[in-house]
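Hello,

Here is the structure I promised to pass on. My notes follow below it.

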Amino acid sequence: MQRQARGRLRMEQILDAADAVTRRRGVAGASLQDVAQEAGLPPASLYHYFPTSQALLLQLAQRYLAAFETLAARPLDHDGITAWSDLCAFHADLALRFYGEHPVAMRLLLGPECGWEIRAADHAANRRIGGIYYRKLIQHFIVAESTVLEEAFAVSVTISDAVWALSFARSGAIEPAMAREALRARLAYLGLYVGIHVEKRSAPLLV
């Protein structure tokens, strides 16, 4: 048990160092040697955990994706929402603030250098996050449960990501105007499945 705890702490130490190196040098410049130096570890210790820099970046991306899922699962104030679109706006606001505080997450998840493994992990996380917001829709609004609707929520998360990635490619940031476009695109797509007028529940369903 103690060894496992030390291993987790060492892993977090390495990931923190990878974040710092990537922030300074970019995704392509995050070599294992630089990360080991940043972490104050011998390179051999780093290779024990990550045989390649891509494996390290994938683990770093997965830590960010787990954080996004935690944000998505944050409880909603039932009295503070009026329409189902508020769910998407709430999620977008949380995600955008997280990206603003974690620029390396933006590089890894929205940039062109991430590689297919990170992109696949991102898509898998989008499905889970979409599922979380689909269940919130059912919890707070009177909507019939549907696997098609759940899939639409997953796709809508990826739609937002695509517009954000376009903004990042153009300016190195998610510009406010493009953030608004991303939300409009997401809501327009979901409106095909949810409908415009959906009645809010008098009280949220217990989950």
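Which residues does Y99 touch, not counting those up to four places away in sequence? They are F68, A105, M106, L109, L110, W164 and I174, where touching means heavy atoms within 4.5 Å.

Before going further, please note that this is a predicted model, in which local features need pLDDT of at least 70 and side-chain atom pairs pLDDT 80 or more, while totals for chains, interfaces and linings use all residues. Residues are numbered from 1 along each chain as its sequence is written, and side-chain values use heavy atoms, with hydrogens and water left out.

Now to a helix pair. α7 (residues 116-140) and α8 (residues 147-171) pack at about 125°, their axes 7 Å apart; axes are lines fitted to C-alpha atoms over the stretch in contact, and angles run from 0 to 180 degrees between N-to-C directions. On the α7 side, the contact includes Y133, Y134 and L137, and on the α8 side F153, A154 and V157.

Finally, H140 is found in α7 and is buried, at 2% relative accessible area. Beyond its neighbours within four places in sequence, H140 contacts L76, H78, I81, K200, R201 and P204.

Best wishes

Terms used
Helices (H or I, at least four residues) and strands (E, at least two) are DSSP runs, numbered from the N terminus. Buried means under 20% relative accessible area, exposed over 50%, partly exposed in between (1.4 Å probe, protein chains only).
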